[in-house]
Amino acid sequence: MTGATGFLGSHLAERLVNHGHEVRAVVRKSSKTDFLEGLGAELAHASLETGEGLRDAVQGVDAVVHGAAVVKARSAEEFHEVNAGGTERLLDAVRAHNPSVRRFVLVSSLAAHGFGTNGNPRPADAAPNPVTHYGRSKLAAEQAVLDAKDDVPVTIIRPPAIYGPRDTEMFKFFQIVNTGVCTFLGSADNRLSLVYAPCCARAIHTALDKDHPSGRTYFVEDGRTYTQREFAEAVERALGRRALKFSVPIGVVQVAAIGSELYSKLANKAVIFTRDKVNELREQQVCDGSEIREELGWEPEVQLDEGARRTVEWYRAQGWL
């Protein structure tokens with residue numbers, strides 16, 4: 001699997017090992033691998049950017065999960081080269097060196113499909129309409145996977161926002177609420193879908209284990225949608241404290257994003273907060289996971305209040321909060 005050193009990947013690797021599977025993790029030589037080594041995972045040093053080492057990484061495995069991606073980059077080209085190009089190189093290695101693999105699962109994103117209107121998800125069969133460079137790069141990765149569906153049994157998983165223990169990105173929101181002042185970027189009434197990381201990992205595991213046609217795409221979410229305000233209130237309950245909540249107008253957010261981009265250029269460093277990212281903040285980031293429930297029998301085990309409580313518990317145990 002790729003992406004095993006990341007947030008969701010760590011939960012999937014842990015789940016697979018706990019269920020008796022052997023895990024081979026594709027990692028860089030610079031990757032932090034203490035957690036994976038503690039699980040007993042085999043480490044395969046390889047590069048998605050160049051393809052070096054991928055032949056050995058894919059040989060002899062029963063299934064491949066591709067979860068590695070960049071969520072911030074210095075240009076649209078960089079997003080595409082890593083997220084789409086890396087997927088193509090991994091698929092090429094599988095086709096050439098392990099064509100009998102039982103399943104190839106791409107962990108994509110709701111951003112590849114595009115977002116809903118009036119708080120309702122876009123239909124699963126609607127033409128994709130990504131609004132960011134990241135979303136377009138993930139859509140290109142999806143297309144590469146679907147192009148291979150007659151050669152390799154493939155599945156695409158599209159999660160929305162993921163939260164849970166070990167996450168550093170959503171942690172920032174928990175941290176903000178914990179200060180007692182919660183700032184919403186854009187409207188607090190914008191809706192989003194969520195999924196607890198171990199539940200998402202179980203969905204990927206289910207896609208590996210259960211037979212289904214090659215080329216299926218599944219959204220994964222906890223069965224509800226939430227406003228930004230409702231999400232903040234769940235975090236408040238988990239923290240046991242209230243926060244003063246207010247919204248920053250999207251125009252102000254746009255100006256702040258320009259400042260972030262200027263820093264990115266001066267420092268030659270990728271940042272996640274850009275005008276491109278602001279496009280997402282205008283949207284209803286919701287999806288419908290009914291198809292994976294109906295076809296594969298997956299159900300989310302943890303809802304938001306319980307998931308937020310467990311997440312806060314973990315953050316506090318680590319001394320993060």
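Is Phe-246 buried, exposed or partly exposed, and what is its relative accessible area? In this predicted model, Phe-246 has a relative accessible area of 40% and is therefore classed as partly exposed, since that class lies between the limits of 20% and 50%. The residue belongs to strand S11, which spans residues 244-248. Together with Val-181 and Leu-244, Phe-246 makes a nonpolar surface patch of about 270 Å².

An open sheet is formed by three strands, arranged in the order S6-S8-S10 with mixed pairing. The pairing between S8 (residues 191-196) and S10 is antiparallel and extends over three bridges. Across from Thr-227 in S10 stands Arg-191. Helix H8, comprising residues 197-209, packs on the sheet and touches S6 and S8. The direction of H8 makes about 75° with that of S8.

Thr-311 is located in helix H13, which covers residues 304-317. Its relative accessibility is 0%, so Thr-311 counts as buried, the limit for that class being under 20%. When residues up to four places away in sequence are not counted, Thr-311 touches Tyr-163, Gly-164, Pro-165, Phe-174 and Tyr-196.

Notes. Residues numbered from 1 in each chain as written. Predicted model: local features only at pLDDT ≥ 70, side-chain atom pairs only at ≥ 80, totals over all residues. Heavy atoms only, no water. Patch = residues over 30% accessible without salt bridge, like charges linked within 9 Å, V, L, I, M, F, W, Y side chains within 5 Å. Areas by Shrake-Rupley, 256 points an atom, 1.4 Å probe, with all protein chains shown as cover. Salt bridge = Lys/Arg side-chain N within 4 Å of Asp/Glu carboxyl O. Helix = DSSP H or I, 4+ residues; strand = E, 2+ residues; numbered from the N terminus. Buried < 20%, exposed > 50% of the residue type's maximum accessible area, 1.4 Å probe, protein only. Pairing = 2+ DSSP bridges. Contact = heavy atoms within 4.5 Å. Axes fitted to C-alpha atoms, helices over the stretch in contact; angles between N-to-C directions.
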